[in-house]
Each structure stands twice: as C-alpha cells, then as structure tokens.
Amino acid sequence: ARVRAGVDQPPLTAHGPLEMFTCQPPMYHWLLDHPDQAVKLWRRLGAKCIYIEDRGDGRFGWKDGVSDIHWDIVRDGPRQRVWYAEGQVKPSLLLPMVSVKGVLVLDYAEGKDGNDQLAVRHQMHLIVHTDSRAVALATRVMGDSAPKMADQFLGQLQMFYAAMAWYLDQHP
C-alpha cells in the first residue's frame, strides 16, 4: 500500500541509462545488499560520497543536516529489485523541509559479454512523490531540468554499484 501511494500521480519520474559491465554477479548482489559497505569501499578509493548507515532488518538510511531518508527492499526477485524510501529532505535553502516518498526499481540481468566474460546489465527507474506545493511549483518552474537532474542522479547511482562491482572484479 505504501509503494502504491508513492507511485500514484508522481510529480517526478526518471530513468537511468541501460548499462552492461563485466563483474562477478554475486559481488554485484552483495553490493546491492550492503550499500553501507559499498560506501566504505568507495571512500577507501578516495571518493567523496554520503554516509549510508545500516539501520537493521534490511533498512538503510542517510542523514545530511536536517534531511533524513530511509529505505527498505520491498521486492527482491531474480531480475528485479524494488526499494521503497521515505523521509524528509530540505531540497534547497529557498524551499521548506518536505516529506518525500519514492520507489526505486532496478531491472537487471546476468549473462556474458561479447568476450564470454560474466556480466550484468542494469537500469534503474525512480518515482518520487511529495505533497509539498512548494516542491511541485519548483518542479514546474524548472521545466525539463528537474527530470534531467533526476536522470543524472540515477546514472550516478547505477555507477555507484556498477563501477565498484567492475573494479572488484578487475582488482580482487
């Protein structure tokens, strides 16, 4: 019911690029199951990224100042994973704190690339919902740039998992 409420009449949807990369699929799945550990691996390589905390029972979250988002896996199938997220964010200095709900869908497939190496193909889709009139107005004012920013976010999120899975495959 919470996922359905987050999907009905969303003010913002986005789609990441379809990507294929070589890796060990079990490592890719481990990274999906442990985003807090993936952050630690990225930081060891010198990347600057937000802290993700394991809140127990499959729930993860992050805090940034007053913003606080948590998410749960609501579907973990052989070719698709779905997360439901909710919390409060302060999107900018000019906008008030708003409650958000989101559904992130990851479609993926395991196989082999043209060189017969193990590979994963994936793509993410995001649906964000908020009842805030200020955010809805800001999204309308931004026009096409809001969905493009969301698409870029998904591209970065996909790279967060894909590049680390690839790197660990190349540098075990």
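Glu53 has Gly61 of strand β4 as its bridge partner. The model is predicted. Glu53 belongs to strand β3, residues 53-56, which pairs with β4, residues 59-64, in the antiparallel sense over 3 bridges. Gly61 also has a bridge partner in strand β5, namely His70. Between β4 and β5, residues 67-76, there are 6 bridges, and these strands run antiparallel.

| Hairpin | Residues between strands | Turn residue | Phi |
|---|---|---|---|
| β3 and β4 | 2 residues | Asp57 | about 55° |
| β4 and β5 | 2 residues | Gly65 | about 65° |

Helix α3 spans residues 35-44, and its buried residues are Pro35, Asp36, Ala38, Val39 and Trp42. Viewed down the axis of α3, these buried residues lie within an arc of 160°, so they line one face of the helix.

For the chain as a whole, the secondary structure amounts to 5 helices and 8 strands. Their order along the sequence is α-β-β-α-α-β-β-β-β-β-β-α-α. The chain has 172 residues, of which 40% count as buried. Of the contacts between residues at least 6 apart in sequence, 56% join residues at least 24 apart.

Notes. Residues numbered from 1 in each chain as written. Predicted model: local features only at pLDDT ≥ 70, side-chain atom pairs only at ≥ 80, totals over all residues. Heavy atoms only, no water. Buried < 20%, exposed > 50% of the residue type's maximum accessible area, 1.4 Å probe, protein only. Helix = DSSP H or I, 4+ residues; strand = E, 2+ residues; numbered from the N terminus. Arc of directions from axis to C-beta. Contact = heavy atoms within 4.5 Å. Pairing = 2+ DSSP bridges.
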